[in-house]
Amino acid sequence: MDPAHFEQMALPLFDQLYNLAHWLAGNRTDAEDLVQETYAKALKGFRSFEAGTNLRAWMCRILRNTFLTSRAGLAARKTSWLEDEDPEGGEALAAHADTPERLLLEQESQQQVMDALASLAAGDREILLLCEVEELSYREMAQVLDVPVGTVMSRLSRARARLRAALGRSNHGV
Amino acid sequence: MACELNPATLAAYLDGELTSAEAATLEQHVRGCAWCAGEVAELMHVRRSLRVARGRYTPDPAWKKRVLQEIGAGARTTTRAGARWFDRTRLEWSPAAIAAAVVLVLLAAVWIQQRSTVRNETFREVADLHVSDVASANPVDVVSSDRHTVKPWFAGRVPFSFNVPELAGTEFTLIGGRVVYLEQEPGAQLLVAVGPHRISVLIFRASPELERALPSESGVQRRDAFQMTAWRSGDLRFFVVSDAEAGEVGKLAELLRQANP
């Protein structure tokens, strides 16, 4: 697309991309660098953005790739980012200890959810953010993460199961 | 006992990623399977709880202001660089210029072709909004058949206002509404029932992106498996999409036009 439209289209996403950057990078300084670099790259490559596709997904992809090659990203990658896929029973969800009604009524405090999300492995946190915060479709997530849609589904499923486990612990002290 | 259904399928259902046929099959299964019903409830709970992660971190205002200025300056420089290149290039009626003209005509043909592709994709997005809503376990965020409840709910959630027609006494029943996004713009979606069918009314603020992406005015047309009609009224763009009969879609569209002259 014409770079003349860049400001008008990309600036409204600023706060949202900052939120994602801060979640990924884990601190303000790295998040600010990440957002700045993402916008610079996006402007440079804006001609390759196809009108009619999701700009948010396109910018998330740039942001993620920028993060992965950054100092903070390389560190995260070494520890917990790229885990082996686990096709065995790894994604089986925890057995429900409570009735659905009770679980629905239960309201975790915001802080507990934040802590649980922050405690997850970077890859789990990332896919949950793309799905629930950025509200990308499976196809868009597959493009951002550069993996097949099937992998998106299994990663998402596992990440949700782990978040549930993390929330379960914080709730019941299990 | 644990159900053998892949948990990812349940998640895909809640994420609005199943086709309406797949969703219907799954709903039938969930109605008879306590395990899966429990899973759906828990997954919904997890999804809902994560909403607090939205907007958790906000940029420092001073830093944001500075960066936005830098981006603005960068964007203008990039655009001007293109303009300067154009000034320098003097077109002379040489064989090269003729060849260039031929290429331009070909590019124009490709562009027109792409434009129609963009329209098709945007239409699919509108249709997807409808399908994902119908397939969703909680299709609307405001549940009410009363237009006086639904209309105020959207105030402050979408950057425009519109009128919901009185549907009492017609074959239509208002189910509720939710906020949706198209081309990064927030819009209102009303879900209306007619017999066994659902009709989605999508309302967005008119913008150049939308005008490019969708035909501005159309009668009820059949696109893929849907009946669809679109029009513009003042600053508002309306799309009505459904698997209901064309006549019913047209009639609801007429009620909406009367309410939003």
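Mentor: Let's start with a definition: a crossing is right-handed if the near helix is turned clockwise from the far one by less than a right angle, and left-handed if it is turned anticlockwise. Keep in mind that this is a predicted model.

Trainee: OK, so which hand does the crossing of H2(A) and H4(A) have?

Mentor: H2(A) and H4(A) cross in a right-handed way, so by that definition the near helix is turned clockwise from the far one.

Trainee: What makes H2(A) roughly parallel to H4(A)?

Mentor: Look at the angle. Helix H2, residues 14–25 of chain A, packs on helix H4, residues 55–69 of chain A, at about 30 degrees, and their axes are 11 Å apart. Angles under 35 degrees count as roughly parallel, so H2(A) gets that label relative to H4(A).

Trainee: Which residues of H2(A) and H4(A) meet?

Mentor: From H2(A) you have Gln16(A), Leu17(A), Leu20(A), Ala21(A), Leu24(A) and Ala25(A), and they meet Arg56(A), Met59(A), Cys60(A), Leu63(A) and Phe67(A) of H4(A). The contact of H2(A) with H4(A) splits into nine nonpolar residues, one polar and one charged.

Trainee: What does H3(A) bring to its contact with H4(A)?

Mentor: H3(A) brings Leu34(A), Glu37(A), Thr38(A), Tyr39(A), Lys41(A) and Ala42(A); among their partners in H4(A) are Trp58(A), Ile62(A) and Thr66(A). The tally for this contact is eight nonpolar, two polar and two charged.

Trainee: Over in chain B, how do you know that H2(B) and H3(B) are roughly perpendicular?

Mentor: Helix H2, residues 20–32 of chain B, and helix H3, residues 34–49 of chain B, cross at roughly 110 degrees, with axes that come within 5 Å. That angle falls in the 65 to 115 range, so the pair counts as roughly perpendicular. H2(B) passes H3(B) with a left-handed crossing.

Trainee: And where do H2(B) and H3(B) meet?

Mentor: His29(B), Val30(B) and Gly32(B) of H2(B) meet Ala34(B), Cys36(B), Ala37(B) and Val40(B) of H3(B). Five of these are nonpolar, two polar and none charged. Gly counts as polar, so Gly32(B) is one of the polar ones.

Methods:
Residues are numbered from 1 along each chain as its sequence is written. Chains are lettered from A and ligands numbered from 1 in the order in which they are written. This is a predicted model: local features need pLDDT of at least 70, side-chain atom pairs count only at pLDDT 80 or more; totals for chains, interfaces and linings use all residues. Side-chain values use heavy atoms; hydrogens and water are left out. Axes are lines fitted to C-alpha atoms, for helices over the stretch in contact, and angles run from 0 to 180 degrees between N-to-C directions. Helices (H or I, at least four residues) and strands (E, at least two) are DSSP runs, numbered from the N terminus. Angles under 35 degrees count as roughly parallel, over 145 as roughly antiparallel, 65 to 115 as roughly perpendicular and the rest as oblique. Contact means heavy atoms within 4.5 Å.
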